[in-house]
Amino acid sequence: MVKIKIDNREAEVPPGSNIIDVAEQLGIEIPTLCYLKGYEPSTSCQVCTVKDRRTGRLIPACGTKVADGMEIDCETDEVFNVRRTALELLLSEHVGDCRAPCDFACPAHMDIPLMLQQISDEELRSAIMTVKEDIALPAILGRVCPKPCEKGCRRKGADSPVAICDLKRYVADMDLATDDPYLPPCKPDSGKRVAVVGSGPSGLAGAYYLRRAGHACTFVEKNEQLGGRLRTEESEEDLPRDVLDAEIKQIVRLGVDLRMQTAVTSKEQLDALREEFDAVLLAIGKTTPEKVELLGLRAAKKGIDVDKETYSTNRRGVFAVGNLLRGKGMVVRSAADGKEAACIIDQFLAGKRILSLGYEFSSRIGRVESGEIDEFLAGSITAELAVPDFGTNYDQNDAGEQSDRCFDCTCSSHGNCKLEYWSEFYGANPNRYPRERRAYEVIGRESSVFFEPGKCIKCELCIKIAEKASEPLGLTFVGRGFDVLVSVPFDGQMDDALSKVAADCVAACPTAALSFAEKRRGPTAVVQLDIPVGAEEAAQVPNAP
Ligand code: SF4
Ligand code: SF4
Ligand code: SF4
Ligand code: FES
């Protein structure tokens, strides 16, 4: 037997064991991408790097056998940084969008392609659930939003953007017209109370997400009616009051208390609220530095001074959002502020260290060329370039037709991809090593298995699995260096190459380079009230973006 220490924990293992297997026995997790138990390690990704304390060398845990007296470190800053660099090098030639461009462009980061898919499937209840995961006021925003999502829509490169905003409005209107409009579930009562001062878009969204997190909420509103600038600045024509009232009613139905005609303009009034409530969310809209100072808070040029990452004011337990911070901004930006601040307040009320929500990993293709647009068109349901114009009077047929124009740009492995997971965990920056990228392309559209070369990290696992299973045709690498590519020999089809082990190869592929054509993405939008996976770690490491 061989004695070895990993992170100062001792193990006695048979000679010939790999470090990675010993670490697993000790319950120490080491990231891997190119390694699969039962197959000879290719040590191509270097994501499993550890440090041999005695030699000072950085070595791949998957491809290194144990030696007597070995002492291995997995948790040092040096190891962390090497792993992150390994990921960043892989990402430098990666061609994929973890999340769709429209999702990025939307300040509330709604899962737009999922909503479009649900509309197309005539699953409107599911569609409103998707919408309301990220947007508290979809019927209102469907009327007053300047549609930044559509500016980011990839379909624009082919003809015109998908009418995302009108479709969101359609889903929301259809929901409000039912006897039982959708109310999202709320977590059990936390016993904590939050005062939301002001009830414009940021206050409404803040209350919505705070209630969903289980906190008691009270609107403290200076006017006779809720709505803030939605009521005072939007015309009746743009935003009919019955729509505004109906959507506000939905938020109040979540169990928000009301304290109307109560202005908060002085430090004494804020003191009293702070005394009465566990936290205060200020959402009072555009103001002046003088008025901020009257509240006993620090002013900035455009309003109140907050930590931009956490919406915290200089007073503990007092947070601020919306136009109070920036003087002027899109309604959707204010609504997104409310959602993000609620998440921060949730951490505060739980007594956790407040972490910024700023970092969420995503690989992005960026600007695409016209040839690449053709590739997306080839994969879309509606390839013809005609632009249906339904105005805002959608029926289900029109809405389905419009939704079918979507390219579904979100990666099929989003939420289920090892490269994405570890990149998020290590705070990898996909742009750290800019390189000319390969063109986006999908090979094997006629097969049940798709191959996306731009997402392949050349781990060789699919080739080895096919070989071990004695696939008659199998897969091989062709080309050299940057241009090396997994290919089917003799120009064969993927289905022929993987006649026995297609499912094993797709499951083993650490990215979405191999995927089943019929696979449809399930909901990945989760309530953002918990710390996103990896964010805590990312926030604690040096240089995390
Ligand atoms: S393969 Fe993984 S990292 Fe690449 S785009 Fe898809 S989810 Fe993101
Ligand atoms: S084509 Fe669909 S998924 Fe892609 S950006 Fe447009 S709406 Fe989003
Ligand atoms: S396609 Fe094959 S070589 Fe490429 S990442 Fe997937 S399993 Fe690895
Ligand atoms: S080098 Fe070890 S998992 Fe890739």
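This is a predicted model: local features need pLDDT of at least 70, side-chain atom pairs count only at pLDDT 80 or more; totals for chains, interfaces and linings use all residues.
Visitor: What makes E369 and R367 a salt bridge?
Guide: Their side chains meet with N and O 3.3 Å apart. A salt bridge is a side-chain nitrogen of Lys or Arg within 4 Å of a carboxyl oxygen of Asp or Glu, so this pair passes. Side chains of opposite charge can pair when their charged atoms come close.

Visitor: How many salt bridges does a search of the whole structure find?
Guide: The search turns up 30. One of them joins E71 and R53, whose closest N and O atoms are 3.1 Å apart. That pair links distant parts of the chain, 18 residues apart: E71 is in strand β5 (residues 70-73), and R53 is in the loop between β3 (49-52) and β4 (58-60). Helices (H or I, at least four residues) and strands (E, at least two) are DSSP runs, numbered from the N terminus. E71 is partly exposed at 24%, and R53 is partly exposed too, at 38%.

Visitor: What makes R315 and D271 count as a salt bridge?
Guide: N to O is 2.6 Å for this pair, which is within the 4 Å limit. R315 is in the loop between β11 (303-304) and β12 (318-320) and D271 is in helix α12 (residues 267-276), so the bridge ties together parts 44 residues apart in sequence. R315 comes out at 25%, so it is partly exposed, and D271 is partly exposed at 25% as well.

Visitor: Which residues are linked in a network of salt bridges?
Guide: That would be R326, R333, D337 and E340.

Visitor: Now the ligands. How do you know that D408 belongs to the surroundings of ligand 2?
Guide: A residue is near a molecule if one of its heavy atoms lies within 4 Å of it. D408 is among the residues surrounding ligand 2, together with others including C102, R154, R155 and C406.

Visitor: What makes a residue in the shell around ligand 2 nonpolar, polar or charged?
Guide: Ala, Val, Leu, Ile, Met, Phe, Trp, Tyr, Cys and Pro count as nonpolar, Asp, Glu, Lys and Arg as charged, and the others, Gly among them, as polar. On that basis, the ligand 2 shell has nine nonpolar, no polar and three charged residues. Ligand 1 has five nonpolar, four polar and three charged residues around it, including H94, D97 and T511.

Visitor: Where does ligand 1 sit?
Guide: Ligand 1 is in the largest cavity. A cavity is a set of points, on a 1 Å grid over the protein atoms alone, where a 1.4 Å probe fits but cannot get out. To sit there, a molecule needs more than half of its atoms within 2 Å of the grid points.

Visitor: What makes the phi of D408 worth a look?
Guide: Its phi is positive, about 50 degrees, although D408 is not a glycine. Most residues other than glycine have a negative phi. D408 lies in the loop between α17 (396-403) and α18 (418-425), and at 32% it is partly exposed. T43 also has a positive phi, near 45 degrees; it lies in the loop between α1 (19-25) and β3 and is partly exposed at 29%.

Key. Residues are numbered from 1 along each chain as its sequence is written. Chains are lettered from A and ligands numbered from 1 in the order in which they are written. Side-chain values use heavy atoms; hydrogens and water are left out. Buried means under 20% relative accessible area, exposed over 50%, partly exposed in between (1.4 Å probe, protein chains only). On a 1 Å grid over the protein atoms alone, a cavity is a set of points where a 1.4 Å probe fits but cannot get out, and a pocket is an open set with protein on both sides within 12 Å along at least five of seven lines; lining residues have an atom within 4 Å of a point.
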